[in-house]
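Good morning, and thank you for making time for this item.

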Amino acid sequence: MSSPSPARASAPPALARRRRRFDRARPSRRVADVSASPARDDATRRRRRRAEASSASSSSADTVASSLRVGVVSGAAAAASCQLLLFPLNTLKTRAQARALGARMTRDDLRMLYRGLVPDLFGTVPGTALFMATYETAKRNFGQTPAGAAAAGALAASVVLAPMEVISRRMQVGRMSLMTAVRLSVRKRDLFLGFESFLTRELSFDCVQMSAFEAMKRATLAVRRARDPNASMSARETAAIGGVAGCVTGVLTTPFDVSRTAAVCASSLGIDPKTFPKGLAGVKHLANKFGWTFFFRGAAPRALEIGLGGIIYFSALEATRVAIEGADKK
């Protein structure tokens, strides 16, 4: 055994006792430090997890905001392009649907084909922007199917589209001015007249059109990528698919559109708006009065309008989306 150092041997007893107490206390502090280490690690891990969650939340918010922006801009651009170019077809279709039984098209029907365009634009442009923003966000960020995302978009857009469409159709059919149509609708308090038929038409149309477009797009990409894994859709293919989807959907949903026009323009058909029943009862009333072929009035101009509109609409959508996403990457 080694002898104690001279400094320890010559230390006073009180100092020696203090040193022994200090030496005995050091291991306990080391144990405490060791026991506190896992607690510090847990706190560090918790802070790291909070930082990662915050980063993920911020990234998710940025993604949703990007989807909303793409939808709003592309939807507004597509709607404005379609309405400015194809509104005369819409006017001819609406007048054909609202014409009294046995009446034929006259020269007067070919005049003022853009009457009703202003309220239509005020409804369609923001309405389509709302639709596409909701559609893109629901599909990209919440995993909705095209039909589910389209249904959500149609509900969001209906708040703007429905009242503006009432004013526009009254201008188209009644040949009245914008102020007269607005005053009439406000006085009657019927800006949401026939809202049930409007929702039925919009939900069926949007769900069928967007589902058909997405399905044909996937099928085309699958065929092309079987040959070239890096293949993508060309602008011509997108336009063609949009045109086919729009044309088919336009024909299939014509009965809903006729019911909507009859609800808004009942007096033009010789029907008393006050006694015109709603819902299925209204459909039966129209069938009894005009026959079931009545529900395909205006099918040809509607199919042409929506077919050409599909070409313009989806081309404008894709072009705007690509431009925005390209600008974001830069």
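I shall begin with confidence, then turn to helix packing, and end with the pockets and the cavity.

This is a predicted model, in which local features need a pLDDT of at least 70 and side-chain atom pairs count only at pLDDT 80 or more, while totals for chains, interfaces and linings use all residues. Residues are numbered from 1 along each chain as its sequence is written, and side-chain values use heavy atoms, with hydrogens and water left out.

The pLDDT, the predictor's confidence in each residue on a scale from 0 to 100, averages 82 over the protein, and 80% of the residues score at least 70. Helices here are DSSP runs (H or I, at least four residues), numbered from the N terminus. Confidence is highest in helix α4, residues 146–174, with a mean of 94, and lowest in helix α1, residues 6–9, with a mean of 44. Residues 1–11 have pLDDT below 50, and this stretch has four contacts beyond near neighbours in sequence, a contact meaning heavy atoms within 4.5 Å. Residues 27–35 also stay under 50, with two contacts beyond four places in sequence.

Let me now turn to the packing of two helices. Helix α7 (residues 235–252) and helix α10 (residues 299–329) have axes 7 Å apart, at an angle of about 145°. Axes are lines fitted to C-alpha atoms over the stretch in contact, and angles run from 0 to 180 degrees between N-to-C directions. On the α7 side the contact includes G242, G243, G246 and G250, and on the α10 side G307 and G310 are among the residues involved. By class, this contact has eight nonpolar, eight polar and two charged residues. In this scheme Ala, Val, Leu, Ile, Met, Phe, Trp, Tyr, Cys and Pro count as nonpolar, Asp, Glu, Lys and Arg as charged, and the others, Gly among them, as polar.

Next come the spaces, found on a 1 Å grid over the protein atoms alone: a cavity is a set of points where a 1.4 Å probe fits but cannot get out, a pocket is an open set with protein on both sides within 12 Å along at least five of seven lines, and lining residues have an atom within 4 Å of a point. Points are joined across faces, edges and corners, and a volume is the space filled by probe spheres set on them.

The largest pocket holds about 790 Å³. Of its 37 lining residues, G194, S259, A263, V264 and F276 are the closest to the centre. Its lining has 21 nonpolar, nine polar and seven charged residues.

What is the volume of the second largest pocket? The volume is about 230 Å³. K139, R140, K217, E318 and R321 are the closest to its centre, of 15 lining residues. Helix α10 gives the largest share of this lining, six residues. The lining divides into seven nonpolar, no polar and eight charged residues.

Finally, there is one cavity of 30 Å³ or more, and the space in the largest cavity is about 740 Å³. Q83, T124, T128, E202 and F205 are the closest to its centre, of 35 lining residues. Helix α4 gives the most to this lining, eight residues.
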